[in-house]
Amino acid sequence: MSKLSCVQFVFLLIGILVLAFKTTGAQSVGVCYGRNGNNLPNAQATVNLFRANGIRRMRLYDPVQPALDALRGSNIEIILDVPNTQLQSLQDPAAAGTWVRNNIQNYLPGVRFRYIAVGNEVDPNNGGTSQYVNLVLPAMRNVYNAIVAAGLQNQIKVSTATYSGVTEGFPPSQGSFKQNTKRFIEPIIQFLARNNLPLLANIYPYFSYLGTPQGDLQYALFTAPNVVVTDPVGSRQYRNLFDALLDTLYSAVERSGGPNIEIVVSESGWPSAGDREASVQNAGTYYRNLINHARGNGTPKRQGKPIETYLFAMFDENIKGGSETERHFGLFNPTNQRPKYQLSF
């Protein structure tokens with residue numbers, strides 16, 4: 001090989017590596033496909049909208065057949081949920097095997113499954129989900145064993161989706177699980193650690209901001225001009241609440257026997273209406289800054305790689321329960337499929 005061709009080869013290789021790095025960062029961001037609306041586009045139109053906007057990852061909250069059919073051949077990677085209401089049925093290993101065959105194997109290889117989220121935001125302190133506390137880990141075990149039996153354990157990871165409400169402690173290095181959640185969550189953390197599985201977590205600076213008297217809006221929106229919190233452990237500096245919440249959870253996971261567990265942010269968003277500081281301007285600021293941040297180099301505690309993050313949600317969901325803000329998290333208008341914000345995926 002000539003000297004010139006060697007130089008060309010080196011530059012070509014560097015270009016490929018840079019492109020690969022950029023692609024990895026870009027693909028760290030997905031969007032949640034919530035379906036609690038009576039004016040939503042059909043599943044095929046929704047998948048087409050994902051593809052048209054370069055969104056290559058999706059969270060789907062139940063194994064609905066039209067959505068899974070629409071995902072065939074789309075090259076979109078997905079988190080597929082086992083809804084809380086199905087956890088009871090999966091206490092039976094045979095039923096878990098059937099669930100995996102019906103909802104996973106039947107769609108391979110056309111659908112790219114990345115994670116199975118067995119339950120969402122189950123919390124002993126939450127009256128709406130506390131009845132599922134004893135069901136999550138057995139269902140996870142059974143689904144995991146069914147995935148192993150199918151030879152898919154290197155392709156599809158089994159986990160559950162938790163949230164910041166199960167943790168306490170400040171600064172982030174002092175994070176731990178609340179005392180009355182430990183009996184529930186610590187065996188789950190240990191199961192994930194033994195099997196080299198990630199933890200999924202819903203991280204919402206908006207709700208933490210609302211719950212903090214005289215909260216710092218810029219800190220919550222990634223726009224703080226200076227360091228807001230310095231953690232004496234490691235002298236870690238925090239300029240945004242998202243990192244602080246995520247590192248608090250990392251500290252809790254480490255204290256519970258999962259020092260090497262990776263956390264995937266399975267939901268994060270900001271409402272455009274419905275309560276204090278819920279506006280199109282603030283939501284657009286949050287989503288743009290979150291996308292850029294997730295593509296970066298991690299948190300102060302866990303540096304060196306992008307943060308896999310799923311924005312909540314694709315559409316406003318007009319029949320979703322809860323507070324008014326719950327119906328205003330959409331990135332796109334469901335009726336005309338136009339973007340509410342100018343975002344780059």
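Helix H9 (residues 241–255) lies across strands E5 (157–163), E8 (199–202), E11 (263–268) and E12 (309–311), and runs at about 135 degrees to E11. Contact here denotes heavy atoms within 4.5 Å; axes are lines fitted to C-alpha atoms, for helices over the stretch in contact, with angles from 0 to 180 degrees between N-to-C directions. Helices (H or I, at least four residues) and strands (E, at least two) are DSSP runs numbered from the N terminus. The model is predicted: local features need pLDDT of at least 70, side-chain atom pairs count only at pLDDT 80 or more, and totals for chains, interfaces and linings use all residues. Residues are numbered from 1 along each chain as its sequence is written, and side-chain values use heavy atoms, with hydrogens and water left out.

Helix H10 (residues 280–294) lies across E1 (29–33), E11 and E12, and its direction makes an angle of about 160 degrees with E12. The strands themselves close into a barrel of 8, in the order E1-E2-E3-E4-E5-E8-E11-E12, with parallel pairing. Neighbouring strands of this sheet are turned by 30 degrees against each other on average, direction ignored. Two strands are taken to pair if DSSP finds at least two bridges between them. For E2 (residues 57–60) and E3 (residues 77–82), parallel pairing extends over 4 bridges, and Arg-57 stands opposite Glu-77 in E3.

Rings of Phe, Tyr and Trp (its six-membered ring) were paired if their centres lie within 6.5 Å, planes under 30 degrees apart counting as stacked, over 60 as edge-to-face and the rest as tilted. The count comes to 15 aromatic pairs. The ring centres of Phe-222 and Phe-242 are 5.9 Å apart and the planes are at 40 degrees, so this pair is tilted. It links distant parts of the chain, 20 residues apart: Phe-222 is in the loop between helix H8 (217–220) and strand E9 (229–231), and Phe-242 is in helix H9. Phe-312 and Phe-329 form an edge-to-face pair, with 5.7 Å centre to centre and 65 degrees between the planes. Phe-312 and Phe-329 are likewise buried.

The largest pocket has a volume of about 790 Å³. A pocket is an open set of points on a 1 Å grid over the protein atoms alone, where a 1.4 Å probe fits, with protein on both sides within 12 Å along at least five of seven lines; lining residues have an atom within 4 Å of a point. Grid points are joined across faces, edges and corners, and the volume is the space filled by probe spheres set on the points. The lining of the largest pocket comprises 31 residues, of which Tyr-61, Asn-120, Glu-121, Glu-267 and Lys-320 lie nearest its centre.

Technical notes:
Buried < 20%, exposed > 50% of the residue type's maximum accessible area, 1.4 Å probe, protein only.
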